[in-house]
Amino acid sequence: MDRFLCLLSFLLLAAVSHAALSPQLVYWHSVLPNTPMPSAISDFIDPDVLAEEKSGVNVYVKGKSGGTTVNVGHGGVNVNTGHKGKPRVAVTVPYSKDFIYNYAATETQIHDDPNVALFFLENELQPGAKMNLHFTKTTSGGASFLTQKEAEAIPFSSAKLPEILDHFSVKPGSAEAEAMKTTLQECEEPAVKGERKYCATSLESMVEFSMSSLGSRDVTAVSTTVAKAVTPLQQYTVTGVKELVGNRLVACHPEAYAYAVFYCHATATSKAYTVGLLGADGVGAEAVAVCHTDTRAWNPNHVAFKVLKVKPGSVPVCHFLPEDHVVWSRSG
């Protein structure tokens, strides 16, 4: 009898523990049991945690279908909507197009976008090298992954934009609506020559696209991590460089949308590295760097060419990834 009660207690505890996990965590542990989840993914998991700018101003507006919290801060405008039976969501603007390679740079982007400092040439990636870098998150938080079932039940196309905005109570013509419109348009554009692209609207679809593109279920995911939450533009010293397995990679970049959406593109002409860095202020970082060996199909006015003063296809172009981006590769 005692053994039966012990077994029953164990099973109940296991069931409760499993139920406490989010569907995304359950999925991750089932398909990638030996792969640590990078922060670039885990930060988009908990639907009850909505990041707010500390220096922002919150205004709560009550409506017939729930409430909306508008937060105005350094990272843009966040709109969190709480609907009965619907997930709370956030749309963050502005956002960067530095890692979509068919876009031309603007003068404002070159001078004001912190991600510009993340581009460099491959021959600079040596232990002891010094680089001026500014690591940031391209989204200021709030958006969370839907489950694949939830995401597939909601339209995701420019043609359905009015229906989508109504579903999430986003005002047509607002900055948030325009950001969502741009994301949908980018997701519908053809891929750069030589690449596969896909906009993942759930963690499950991101994992499935990455495994399919890499031709293996034995994959790993990495993202940039910095030991301090907020760091300035400063000089970093390279302390170590390790190349990831293979030249087939999938890079996924977060988009501005009502829930977590990642713009993923797969390429067989890139190399990725994990790079140890030590900042001038003593703060360490483990950064992910991607080097593109064939940039001939990129927009000749892309920010990388402007900053590095090189031409498309002339030399490999490299960049560190912001903290909320992720790179997938084969494990071995």
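Student: What percentage of the 332 residues of the chain count as buried?
Tutor: Happy to start there, keeping in mind that this is a predicted model. A residue is called buried when its relative accessible area is under 20%. Among the 332 residues of the chain, the share that passes this test is 48%.

Student: How far apart are the end C-alpha atoms of helix α8, and why does that agree with its 12 residues?
Tutor: Helix α8 covers residues 203-214. The expected span is 1.5 Å times one less than the number of residues, so the 12 residues of α8 should span 16 Å. That agrees with the distance between its end C-alpha atoms, 17 Å.

Student: Is α8 mostly covered or mostly open, and how many of its residues are buried?
Tutor: Good one to check by eye. The buried residues of α8 include Leu203, Met206, Phe209 and Leu214, and also Glu204 and Ser210. The helix is mostly covered, and its buried residues number 10 of 12.

Student: Which residue just after α8 takes a positive phi?
Tutor: Look just past the end of the helix, where phi is about 70 degrees. The residue there is Gly215.

Student: Which residues touch the most other members of the largest nonpolar core?
Tutor: This core has 25 residues, and two of them touch the most other members: Met206 and Trp328. Elements giving it two or more residues include α2, β12 and β16, while the largest share, 6 residues, comes from α8. Beyond its neighbours within four places in sequence, Met206 is in contact with Ile41, Phe145 and Cys252, among others. So the names you asked for are Met206 and Trp328.

Technical notes: Residues are numbered from 1 along each chain as its sequence is written. This is a predicted model: local features need pLDDT of at least 70, side-chain atom pairs count only at pLDDT 80 or more; totals for chains, interfaces and linings use all residues. Side-chain values use heavy atoms; hydrogens and water are left out. Buried means under 20% relative accessible area, exposed over 50%, partly exposed in between (1.4 Å probe, protein chains only). Helices (H or I, at least four residues) and strands (E, at least two) are DSSP runs, numbered from the N terminus. A nonpolar core is a set of buried Ala, Val, Leu, Ile, Met, Phe, Trp, Tyr and Cys residues joined through side-chain atoms within 4.5 Å. Contact means heavy atoms within 4.5 Å.
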